[in-house]
Each structure stands twice: as C-alpha cells, then as structure tokens.
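Subject: Structure handover

Hi,

Here is the structure we talked about. Please open it alongside this note. My findings follow below.

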Amino acid sequence: MYMFDIYLIMIGLLILIIGVLVGVAYLTLLERKVLGYIQIRKGPNKVGIVGILQPFSDAIKLFTKEQTYPNFSNYICYYFSPVVSFILSLMIWLLIPYYFNLISFNLGVLFFLCCTSLGVYTVMVAGWSSNSNYALLGGLRAVAQTISYEVSLALILMSSIIMIMDFNLLKFFIFQEYLWFFFLMFPLSLCWMSSSLAETNRTPFDFAEGESELVSGFNIEYSSGGFALIFLAEYSSILFMSMLFVLLYLGGFNLSILFYLKLSFISFLFIWVRGTLPRYRYDKLMYLAWKSYLPISLNFLLFFLGFKILLL
Amino acid sequence: MAACQVARKQDLPPPGGYKPIPYKRVPAKTFFSGYTMFAGYIGITAFAMYMYAKNYKQITKDEIEMRSAKMAIFPMLMAERDRAYLKQLRKNRDAERELMKDVPGWEVGTYYGEKVYNLLPPDTLVEPIYHEYYAHSRPYEWYQRAYLKLRS
C-alpha cells in the first residue's frame with residue numbers, strides 16, 4: 001500500500017459514491033415514470049428534455065428549502081440520524097463487486113448484515129427524537145417490521161452461504177456458472193424478494209409511511225435536507241437489495257453489462273410491485289415473517305445443509 | 001302558460017331493463033394444478049442440484065489445480081528469491097569496495113582488516129540486517145520496501 005494506491009482507492013470510492021447517487025436519482029425518476037404509465041398518465045416530462053433533469057431539480061429544491069425543526073426535539077439526535085442513515089447506506093455500497101477490486105471483502109455478507117442492522121437504529125432515533133407521537137409510533141412500526149424481516153433475511157441468506165461456504169460476495173459467481181441459484185432455491189428466492197421489499201419498507205409492506213391511511217411515519221417532522229437524506233438512503237438501499245438479489249440468485253457478478261441490466265430489471269420489479277399490489281395488513285405482515293418465512297427458511301436451511309454434506 | 005318546448009327525455013332504464021349485475025366471483029385463472037406445481041418444483045430443483053453438483057466438482061478440480069501449480073512453482077520462486085538476494089549481496093560488496101577505496105587499511109567485510117565475528121569459521125554467510133542490506137540502494141526503494149515490510 002503506497003500513497004498511490006490510497007489515491008486510487010479514494011478515486012474509486014468517489015466514483016462509486018457519485019455512481020450510486022446518480023443511480024438513486026434516476027431510480028426515483030424511473031419510479032415516477034413507471035407509476036405514471038401504470039396509472040395511464042405521463043410522469044414528469046417538463047424539466048430537461050423529457051423530464052431527464054427532474055431528479056436534479058427536485059434535489060436542488062429540497063436542499064435549498066429551509067429546514068424546520070421541532071422546538072422540543074432532541075436536536076442533535078434529530079439532526080444527525082438522517083445523516084447517519086445516509087452514510088450507512090453509502091458504506092454498504094463498499095460491498096459492490098468492483099471491476100478492479102476496490103476493496104475485496106472476504107466477510108462481505110457479515111458486513112451487509114451489520115450495516116442493515118445499524119440502519120434500524122437511525123429509524124428508531126429519528127422517530128424518537130422528533131418528540132412527536134406520530135413520528136414515535138411510525139418509528140416503532142418501522143423498527144418492528146424491519147427487525148422481524150431482518151431475521152428471515154439472515155436465515156434465507158444462510159442457505160446461500162451454505163451453498164458457497166464463504167462470506168465473499170464474489171464467490172457467488174463461480175458457484176453459479178452452470179446454473180443460477182434462482183432455479184436451485186426458487187421458493188427461497190421469492191421469500192428473499194418479498195423480505196427485501198419489507199426490509200426496505202416498500203409498497204406492499206410500507207407501513208413505515210403509508211401515505212393515505214397512516215400519517216407519514218418516522219420522517220413526519222423532517223423537511224428539506226433531512227428528508228432528502230432519508231429519501232436517498234431508502235432508495236440506495238433499494239438499489240442495493242436488488243443488486244444483492246442479482247448476486248445471490250441471478251448469476252452473480254460476471255464482469256459483463258448483463259449484471260447491471262439484471263440489476264435494473266430487479267429494481268424495476270420493486271417499482272412494478274408498487275404500482276400493482278395493494279397494501280398488506282400489519283398483523284398479517286408480522287405473521288408472515290414469523291410464521292411463514294422463518295419456518296420455510298429454516299427448513300430449506302436444513303435441506304441445503306444436508307445436500308452440501310452429501311456432496312462433500 | 002307556455003309549456004317548455006323542448007321535449008324532455010326522462011332518464012329511464014334502457015328498453016328491456018338493465019343487464020344483470022355480475023356479482024359472481026371471478027377467481028384468477030389457474031395455469032397449473034397443485035400437483036403439477038409440486039412436480040415442476042421437484043423436477044427443477046433436482047435438475048438444479050445436479051448442475052450444482054457438477055459445478056461444485058469443477059470448482060474443486062480448479063482449486064486442486066491451482067494448489068498443485070503453486071506447489072510446483074514454489075521451489076523455483078524460492079530459488080529466484082535466493083538468487084536475487086545473493087546478487088544484491090554482491091552488489092553491496094562491490095559498492096562498499098568502490099566507496100571505501102580511498103580509506104587506507106579498509107578491507108571489505110571486515111573492520112580495518114579485523115574480523116567482525118571471531119567465532120564463525122571463514123566463508124560463512126552472515127545475513128545482513130535489513131538496513132545494511134539496503135545501505136547502498138536508493139532511499140525510495142528502501143522506503144517502499146520498509147513500508148511493505150512494516151505493513152504486511
């Protein structure tokens with residue numbers, strides 16, 4: 001490690017961050033466009049050529065507005081929890097299989113679990129420190145949902161880890177060269193998909209902020225910059241979850257543009273689900289996590305463990 | 001009193017009455033029966049397991065090949081390393097001779113003709129310490145090497 005390498009890593013990180021942010025910006029645009037066409041209307045199409053510059057206009061608008069803060073909030077916690085959640089969601093992107101090994105994680109899966117678990121705290125703190133009943137209740141809803149689904153997420157992940165016997169995300173490619181894990185563990189991959197929908201608080205399970213029935217959730221007291229940061233963190237975690245789906249089940253990182261196409265398709269799927277499915281019921285959501293996904297993932301874990309032992 | 005001239009059209013049901021309201025449940029179309037789905041699942045999983053087993057065998061083979069290649073090339077790498085080491089020792093000796101040629105009574109490898117290690121038999125290779133090994137090289141190389149040595 002010479003200074004030169006350190007510079008290279010810094011440049012790589014910068015490119016990564018910029019890429020993620022631009023990706024998030026255009027994911028929001030894609031979402032608005034797709035939702036628009038699903039509901040037979042046009043999405044944003046005025047700013048720029050056909051609405052190309054809409055996300056930037058939104059970002060500029062959000063960041064130039066005045067940020068209000070509640071008088072009785074716990075100011076430091078209130079102010080910094082969106083920042084921390086944004087930083088965490090950028091940090092998690094270190095895991096991306098980079099073309100020239102930005103950082104080669106041997107324990108990448110563990111890092112992912114750590115970062116998502118920490119992300120829950122920011123939601124909790126954001127809800128609590130706003131010192132408002134709605135924010136507190138919204139935060140509690142979000143936290144209960146997120147940690148429940150984290151359990152099933154980790155257990156589903158265990159099966160994949162057993163199959164590759166490693167924590168390195170790059171290893172998923174060489175084990176899927178012949179056939180994708182999507183076919184090997186089809187039901188599990190569907191479980192993973194819906195768990196990641198719940199984990200990122202996306203639509204069929206968006207009880208953290210159901211706009212129409214519930215008052216907006218933990219982020220009700222946030223405006224301008226803080227809100228933008230929460231928003232960015234959410235969307236970058238959506239992108240990350242879709243990348244993880246591609247890595248785990250759709251053939252891994254195979255050094256081709258196909259990887260990114262698959263990633264885009266999965267993130268389109270997230271949006272498609274939002275445009276199609278009605279919201280679930282909260283108690284059913286909890287039962288789904290604890291009574292369906294937990295036993296299913298445990299049984300599959302046993303099954304794949306046996307299979308792996310059989311092969312050894 | 002003039003009546004309204006416009007012929008009024010009363011809002012009435014169409015002739016023959018309204019069509020019956022379709023209140024019957026229309027279930028989603030099912031493409032596969034439960035048995036077919038189970039059979040398909042078992043078939044796909046069995047095929048995937050077969051492919052996984054093949055893949056796993058291939059990976060094990062590759063790992064063994066990589067390990068054997070490493071083992072095969074290891075002696076050569078060691079020999080190359082030793083050769084480079086000895087070459088550098090020679091270079092150090094020559095550099096020292098060149099450097100100290102104006103000092104009267106200086107003999108390379110000794111302290112003014114006095115042996116450094118009294119108990120060692122002559123012609124023993126005494127490995128120099130790190131700083132002595134890099135004494136005559138460029139500071140940049142010494143620094144790089146030191147960085148690697150300290151950080152690894």
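In which loop is A:Met165 found? A:Met165 sits in the loop between H5 and helix H6 (171-174) of chain A. (Helices are DSSP runs of H or I, at least four residues, and strands are runs of E, at least two, numbered from the N terminus.) A:Met165 is not a glycine, yet its phi is positive, about 55 degrees.

Some ground rules. This is a predicted model, where local features need pLDDT of at least 70, side-chain atom pairs count only at pLDDT 80 or more, and totals for chains, interfaces and linings use all residues. Residues are numbered from 1 along each chain as its sequence is written, chains are lettered from A and ligands numbered from 1 in the order in which they are written, and side-chain values use heavy atoms, with hydrogens and water left out.

Chain B has a positive phi too: B:Tyr112, near 50 degrees, in a residue other than glycine. B:Tyr112 is in the loop between helix H1 (34-99) and helix H2 (130-133) of chain B.

Now the interface. On chain A, 20 residues are in contact (heavy atoms within 4.5 Å) with 17 residues of chain B. The two chains bury about 1,900 Å² between them, 73% of it on carbon and sulfur atoms. (Buried area is the accessible area, 1.4 Å probe, lost when two parts are put together, summed over both.) Helices H5 (133-164), H7 (181-184) and H11 (282-311) of chain A each give two or more residues to the side that touches chain B. H11(A) gives the most, with 5 residues. By class, that side of chain A has 17 nonpolar, 1 polar and 2 charged residues. (Ala, Val, Leu, Ile, Met, Phe, Trp, Tyr, Cys and Pro count as nonpolar, Asp, Glu, Lys and Arg as charged, the others, Gly among them, as polar.)

(A salt bridge is a side-chain nitrogen of Lys or Arg within 4 Å of a carboxyl oxygen of Asp or Glu.) Over all chains, the structure holds 11. One of them joins A:Arg202 and A:Glu31, with the closest N and O atoms 2.7 Å apart. A:Arg202 lies in the loop between helix H8 (186-199) and H9 of chain A and A:Glu31 in helix H1 of chain A, so the pair ties together parts that are 171 residues apart in sequence.

A:Glu31 is also among the H1(A) residues that meet H9(A). On the H9(A) side, the residues include A:Phe231 and A:Tyr235. This contact divides into 9 nonpolar, 3 polar and 1 charged.

Best wishes
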